[in-house]
Every structure is written in C-alpha cells, then in structure tokens.
Amino acid sequence: MPNKSPISQEHLAYLRSKKVYKKRVIAAQILLLVGFIAFWELAAVLRWIDPFITSQPTGIVRTLIALHREGSLYRHIGVTVLETVAGFTLGTLMGTVIAIVLWWSDFLAEVLDPYLVVLNSLPKVALGPILIVWLGQGMRAIVAMALFVSLIVTILSVYTGFAQVDENKIKLLKSFGATKWQILQKVILPASVPTIIAALKINVGLSWVGAIVGEFLVSRAGLGYLIVYGGQVFRLDLVMTSVIILCIAAALMYQLVVIFEKKVLKWQ
Amino acid sequence: MRAGPLVRIENVSKTYHSPEGEISALQDISLNIAEGEFVSIVGPSGCGKSTLLNIIAGLTEPSAGAVYIKGQKVTGPTSLVGYMPQSDQLFEWRTIWRNVLLGLEVLNKVNSETKMQAEKMLRTYGLYEFRKAYPSQLSGGMRQRAALIRTLAINPEILLLDEAFSALDYQTRLVVADEVKQIITRENKTAILVTHDISEAISMADRVVVLTKRPGKIKNIHKIILTCESHTPIGCREAVEFRDYFNRIWKELDVHAE
C-alpha cells in the first residue's frame, strides 16, 4: 500500500475497471474451452467430422470411465509421472553438480566447452536406441532419456548463472578471507537459486518430452504407451484421452514447481 | 606499545598483465597512516586508487614493495582490515541479521559474544527492529548502515571504503557519509576512503592523498583542518577553508573533459 489515505473515487473506479477486465479475460478463457468442446462434439454428432479418426468428447469421457473401472488408468499415469519426476530431479541435480565442477575449474570448463555446445545441439531423442541397448527395455532407459533431455541445458544455464554472480559480492567474501568452498556455499549457490529454479521449470517440460518419447520406444505401460498403442489399433478415443491427461498432469507439475519457487524465493 | 604507524605502505607498485600488453597501475607509493586517522584517496579515474585499497586489503598482490599493518607484512586478507565494497553488497536472500553475521561466519567466529556485539551495534544504529527484514525492504541509507555493521562485526582496526557511497543518490549520499563518519569516529577506527568525489574526500578526512593519472603516484598530501562547529562531514562543508582545499585539489587532479 503506497498510501493509507482514504481511497478517492477515481481510484475506486480504476480498481473496479481492473477487476472487470480480469473477469472478462477469465470468462473468455472458459468460453473458449467450453465452445471448443461443444463444437467438437456437435461436429462429430452431425458427422461433419469422422469421430473414428478425430474422436469426440463423449467418447473421451467414456474411455476415461472405462480405464478408471479397469483400474489401469492410475497405473499408467503413475508410471509416466514417476519417470518424469525422476528424470527432471536427476537432470537438475546432476546438471547443477556438473556446473559446480566447471565453476571450480576454469581449465576444465574451457576444455569441455566445445563438447557441451555440440551435445547441446544434438537432439537427445536420437540417443534413445543407444540407451535402450545399454540400459535394457524398461523404465531405466526411459528415465535416462528424460534425464538426458534436460541435463546439458541445465549444465549450461546454471553455469552461466554462476558466472553472472556479482564480482563485488565475491570480493566482499574474499576480504573476510573466505575459501573457495565458502564462496560456493555462501554466495554462488544461494545467488543462483533463481537460475536453478528457472532451469527446473524448463526441465519439467523437457522431461515430459523425454519420458513420452522413451515410452514410444520401449514401454509396456504409461501414457506414452497408451498413445502409441491407441494409434496402432486406431482407438483415437484412447489417444485423445491420454493426451488430455498428459496436459493436466504436466500443468499440475509445473504449478508445483511454481509453488516451490514462491516458498524458496520469499526474499524477492 | 605505540611503535610506528598502524599502516605502512612501502614503495608499492603494481603492474597488470593482459594479452594486449602490460599496464602500470601504481608506481612507488609510500604512505603511513596513524591509528585513528581518516585518510581519503582521490585521483582521476583509472589512477589505481582502488588497486591500492585492494593491496592494503590483501586481495591483490603488489608487483613490488609491501604493505605492513602493525608491522606485519600483508600477504592476504586478515580480520584486522574491514573492506567495504562499492554499494552495500548485502545478500538479498539473507535477513539483515544474517547479513551482519556473514563475516563472522566466514571467519568461524559466530559465538554468543560476537553475536551480542553485533546485536548491540544493531541497537545503537537503529536497525534492531529490522533484523528480520530482507535488504530489499530497507532504504539506501539503512542498507549502508547494515553493511557497515557487517564490516564492524569482525572488529577490524582499519576500514577500507572503496567508493562505498557511489551507488547512492546525492542526498542519501551526504547523509550516509555523515552517519558512517560518526560511526567510525565513535567506534574508534582508522579508515581509508577511496573516492572520486573531492567534496566527500575533504569533508570526511584528516588527510587527502591526491594521486596522479596512471600510473598512479602520490602527487600531494593535504592535511585538512576545517574550522567548523559540528565536525560532521555535512557541517564541515560550511567551513571557510573548504573552497580553498577543493580548488587546490581540483587543480591537482588536472581533469579535462575529453
């Protein structure tokens, strides 16, 4: 609150118009979703489109209920969520640890720089078949996939974050006689928490890509598996249902990271 | 035991090397600073005045010569010296209290005694109520005070102020310089201030050292005696001698707009 004096009429009008505008945005958002679903259903019922290849909302709901009754729905969601969470947690942790090693040794950072650039531009999905050969046809390969997709980009962004920490803050610590370990612990890491969380946010999305692609290649369970299986047997209801669940799960996980960010960065 | 000056700078030179060549930043600087003295160092930009401060702080090694504090040669940072960098450099993610303890943490000296000292200073200088606040919640002047307490918490004998107020706007700067000077006087510390602001240098110091353009050499040393009642930096700016010192130093700095 910039001032505590009684609020003027003009300011009240301003606040009201702000609120009205916000409500209009939300109403439009809901309308867009509902309209899209209604139009989709209508088009399918009236045979403007062929629900066999486009599916339809009521079909998706039916599939959802069937999967729920079978009890397999939660197993599939659980498998994919587990792979993704393992992938981005490991990717962020390992990426940060490697970034610390590079910060510690300028020599090593310079030596490894071209390799990191090449690895960063490589589409990590291409490593899929290799990972399967090395780690077997199972969850391990999929987690590795989810991890690799986010690892290099984490290393590069966190390392850049470390390098951008204010020289004067480091100098201040050095003037107290701080060791390199203390500089890491007291300034480099805490100052880079926002960078690490930004990396985490990107990694959540990337790890979904890794996990789903991994499931496309090898799995016997998971949302990626359902999508591939549904596509192969032409059950588009199943494919669409899985995609929608995926949307919701990915959005929820992103929100969790945002909540975590607010908790950790309360000083901002 | 009262033998010799607190700080003895002996024939200090510094050369920087880079692939483009070498730059001589300081040449043959010798200066003694007595206990309790406040010395300002002014010079044209790039004259190596901050380098000199870094050498005294043990952050930079001189190419030749040496600095002695209490007769001991400086080979690295010691807790005899408190260094105040440009702008306050409070850590945004730490509360004021944890910022104040930073130096003690690094030195592994956080104990009930040092904590009590720090707490007492926070009370004396009006920051105790803000000990749980984050730096972003404080005004520029309060932040500067917190930064000074952080430096004083390790109980140094010499304070090095490296353009410490340059990030503040003019009015805040005057007030903060006043406060800092009073605190330094009250705590009985020796101080060396590097600044490009001639008025600031004169108003705070007992002596003003003028450096030449790069490579920095000592051009002149002015003993500052101002007749003013309040003996605060702001009050001293009113003194009749002030203009005179200002003009002399200004001429010595030999500044041309290029």
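This is a predicted model: local features need pLDDT of at least 70, side-chain atom pairs count only at pLDDT 80 or more; totals for chains, interfaces and linings use all residues.
Residues are numbered from 1 along each chain as its sequence is written, and chains are lettered from A in the order in which they are written.

**View 1. The interface between chain A and chain B.** Contact (heavy atoms within 4.5 Å) links 18 residues of chain A with 22 residues of chain B. The two chains bury about 2000 Å² between them, 67% of it on carbon and sulfur atoms; buried area is the accessible area (1.4 Å probe) that two parts lose on being put together, summed over both.

**View 2. A salt bridge and the chain A side of the interface.** Lys186(A) and Glu105(B) form a salt bridge through their side chains, at 3.0 Å from N to O. The term stands for a side-chain nitrogen of Lys or Arg within 4 Å of a carboxyl oxygen of Asp or Glu, and the count between the chains is 3. On chain A, helix H8 (167–175) and helix H9 (180–191) are the elements that give two or more residues to the side touching chain B. H8(A) gives the largest share, 7 residues. Helices (H or I, at least four residues) and strands (E, at least two) are DSSP runs, numbered from the N terminus.

View 3. In H11(A), residues 223–232, the buried residues are Leu223(A), Gly224(A), Leu226(A), Ile227(A) and Gly230(A). They lie on the same side of H11(A) because they cover an arc of only 160 degrees around the axis, taken from the directions from the helix axis to the C-beta atoms. Buried means under 20% relative accessible area, exposed over 50%, and partly exposed in between (1.4 Å probe, protein chains only). Among the elements covering these residues are helices H3 (57–70) and H12 (236–264) of chain A. Phe234(A), with a positive phi near 60 degrees, follows H11(A).

**View 4. Loops of chain B.** Arg214(B) and Pro215(B) are joined by a cis peptide bond with omega about -5 degrees. Pro215(B) sits in the loop between strands E9 (207–211) and E10 (218–223). Lys70(B), in the loop between strands E4 (64–69) and E5 (72–73), has a positive phi near 50 degrees and is partly exposed at 49% relative accessible area.

Terms used. Side-chain values use heavy atoms; hydrogens and water are left out.
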